[in-house]
Every structure is written in structure tokens, then in C-alpha cells.
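Take a look at the structure below. Some questions and answers follow.

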Amino acid sequence: MAKRKTDVGSVFVRKGTNKLTIKYKGIQLSTGLNDTPTNKKIANELLRKLHYEQIDYEPQARKVQVTMREAFTLFIDEHCKHLTKNSIRLYVLSFKSISPAEFIITNDTISSDVERFMEQTKLTASTVLTYLQHYSVFVNFCLRRGWITEFPEKLRSERRSSYKQVRRKVVEVFEQDEFEKLVEHFKDSDYEFALLLMLLWHTGGRITETLTLTWEQVDFRRARLRYSNKINSNEDDYIPISSVAMSILQQLKEMNIDKVFRWSPTTYSRLSRRLKDAFVELGIDRNDRGFHTIRRTFATNLIENDVSIADVKDLMRHKDIKTTLQHYKAKKTHRLSAILEQKIVSSPTAPSAKKVEKK
């Protein structure tokens, strides 16, 4: 690629790489930046700084002007390069919803975009909070780059307000008799769908990961499944599975040759509708429950059978134990009451509950 000239020195892409390099007075300095239009602006600004330092010149502060789209493209390339497709998708949706117009990025334009978004949005409170949280990560990225001078107070206040509006998430689970009805319902009409529900129940797997399972990920000899690590794409997670899950996989092996299930994540909406229709037909209250509820039920069942939170975290493949604590309750209120009665009130060492007379 031809060198890009500036008033002093040059910025070019080193042969065999995609990295921008600065050449100044016969010295070559690697910037570590990928070859993108936004990074070229940054590299040229670094070159000018280097030149001014050499000639002992202090110009008036010259701020690099970057558009919203340029800043977000760089954010995706650098901050999101190790994230999953679903995580990146959330960042993209958040950005497009809040900052759809192409402006030079400033504190005022960000505040204006947030204000417009909050006035016009028809999204649920929880979705608004999710978008604001993801957008805040992008804004912090811009702050570290020096494209804005401070974190916009408008964004901070709207995020706090949205957080207060989102009521504490109620952990919805399946009762065993409800789930058994669903499985029996599908055993006659679509046995593979019934096996899908049962495998989710016994592994706690995410629906999208389960639909993409290949036989290479199933280790029948060691009774475990191999999943891609969501945090580090260079690693894999090996999760042990029960004998019941092994039996389910053996049945699926006889049915499907290419992969574990015939469906793919693109059919998720259709499968969800089938599950919803079954709720109606069986007279089961849906209560916003779906495939992910089976995963929550798996965790709740483990916790209520006195499995440690640390072990539940590992089986659920959560990055942080806070996620496990946030989404899954160890005991329901009535069970906690029962524990108090059994362990405290009925204890041989419990003090008498007779009325204490005043002295």
C-alpha cells in the first residue's frame, strides 16, 4: 500500500501486517493500530505530536474529531473482538437505537441522543436499561480515547432512573408436574422435541448452544459435553452430564447422524411458538416462561438440593458468581420459613417462647 504523506514524515502499513507504522526522520515506530480510516487519523495526529516535540513547539490544543460511526466501528474492532456474536449484537442494537444519526462525537451530541431516545422509545424498562448499560460501555471507550471530556451526566442520570424502574426480577421456574406434562405432550407428536426438553432439564444448557451441538462435542466415554468458552474463545468448557442425559443423547444418536438435533438456532422462534401452543393446550400458565426457564429450573433444583453456589456457577458456566446469585434463588420464602421452624424454633437448645415477665 502506498505511504500516506502528512506535513512531516509518513504513516504507512508495514508489509505483511495490517498495522499502521509511523516513519519520522528515518525512524519507524509501530502504532499497534489496525489499518482503518479512524486509526489513520489517530496515527497522523501522533506523528504531528512527535514532530512538535522534536522542534519544541506547543501548538494550541487540536482535538481529533471523530464521527459517531467511526468511533463505534473502532469500538467493535477493539473492545468487542473477543465477545460472542450475541454480545456484539446487543452493542450494535444499543448504538443504533440511541445514536442513529451521523454526528461528530461530543458530550452534547451524546446527551442529545440519549434525551431523544428516552423521549421516543417504546421499549420495556428492562430493555431500555440494557441498552443504556451497553451504550455506556461505548461512551467510556470514547472517554478513554479523549474524544469526549467527561462522562455525560444525562446518560448517567437516565441509567440510574431506568434501574429504579426495573422491578427486581422474579425467578420463574417449572414445577416438575408441569414439565412432565409438556414432555408427555410432545412424546406422541414429536419425540425429538420431547428429548430436547429433557436434555435441557438434565444439563441446564442454553437453548442456542444445545441446538448447535455436534457429535464431536459429546464425549460418551467420559460422560461430558464440550462447549465453547463464552469469555475466552480459545478455550473450551467440559461439563459432566448425568446418566439420564447420556441415555437421551444415545437415543438422539440413533435418530440424527449429522448433529445432535435437526434444528438450528434460526428455528428458535418456531420452536418457541410450539412450546407456547403446548402451554395453551395443556392449560398451563405461561408466566413469560420459555426454554431459558428450563435452565433456571436446573440451577434452582441444584441449589434447593443443597449444592453449593460455587458448584452451581461451574455447572452453569457463569463467568462471575454474582450472575448465579442474581438470577437464581437458593430457597423460596416458604422454604426459608420452614427452615427457621425446623432449625431454630424446634431446636433442643431454643429458648422458651413463653411471655417474658417484666421485672
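Q: Is Leu-302 buried or exposed?
A: In this predicted model, Leu-302 sits in helix 12. Helices (DSSP runs of H or I, at least four residues) and strands (runs of E, at least two) are numbered from the N terminus. Buried means under 20% relative accessible area, exposed over 50%, and partly exposed in between, with a 1.4 Å probe and protein chains only. The relative accessible area of Leu-302 is 18%, so Leu-302 is buried.

Q: Which residues does Leu-302 touch, not counting residues up to four places away in sequence?
A: Contact means heavy atoms within 4.5 Å. Leu-315 lies 13 residues along in sequence from Leu-302, and 9.7 Å away in space, C-alpha to C-alpha. The residues touched are Val-307, Val-312 and Leu-315.

Q: What rules apply to the numbering and the atoms?
A: Residues are numbered from 1 along each chain as its sequence is written, and side-chain values use heavy atoms, without hydrogens and water. Because the model is predicted, local features need pLDDT of at least 70 and side-chain atom pairs count only at pLDDT 80 or more, while totals for chains, interfaces and linings use all residues.

Q: How many residues line the largest cavity as nonpolar ones?
A: A cavity is a set of points on a 1 Å grid over the protein atoms alone where a 1.4 Å probe fits but cannot get out; lining residues have an atom within 4 Å of a point. The lining includes Leu-315, Arg-317 and Tyr-227. Ala, Val, Leu, Ile, Met, Phe, Trp, Tyr, Cys and Pro count as nonpolar, Asp, Glu, Lys and Arg as charged, and the others, Gly among them, as polar. The lining has 2 charged residues, 3 polar and, for nonpolar, 5.

Q: How much space lies in the largest cavity?
A: A search of the whole structure finds 1 cavity of 30 Å³ or more. Grid points are joined across faces, edges and corners, and the volume is the space filled by probe spheres set on the points. The value is about 40 Å³.

Q: What is the bridge partner of Val-13 in strand 3?
A: Strand 2 has both faces covered, with Ser-10 and Phe-12 buried on one side and Val-11 and Val-13 on the other. The partner of Val-13 is Leu-20.

How values were computed: On a 1 Å grid over the protein atoms alone, a cavity is a set of points where a 1.4 Å probe fits but cannot get out, and a pocket is an open set with protein on both sides within 12 Å along at least five of seven lines; lining residues have an atom within 4 Å of a point. Two strands pair if DSSP finds at least two bridges between them.
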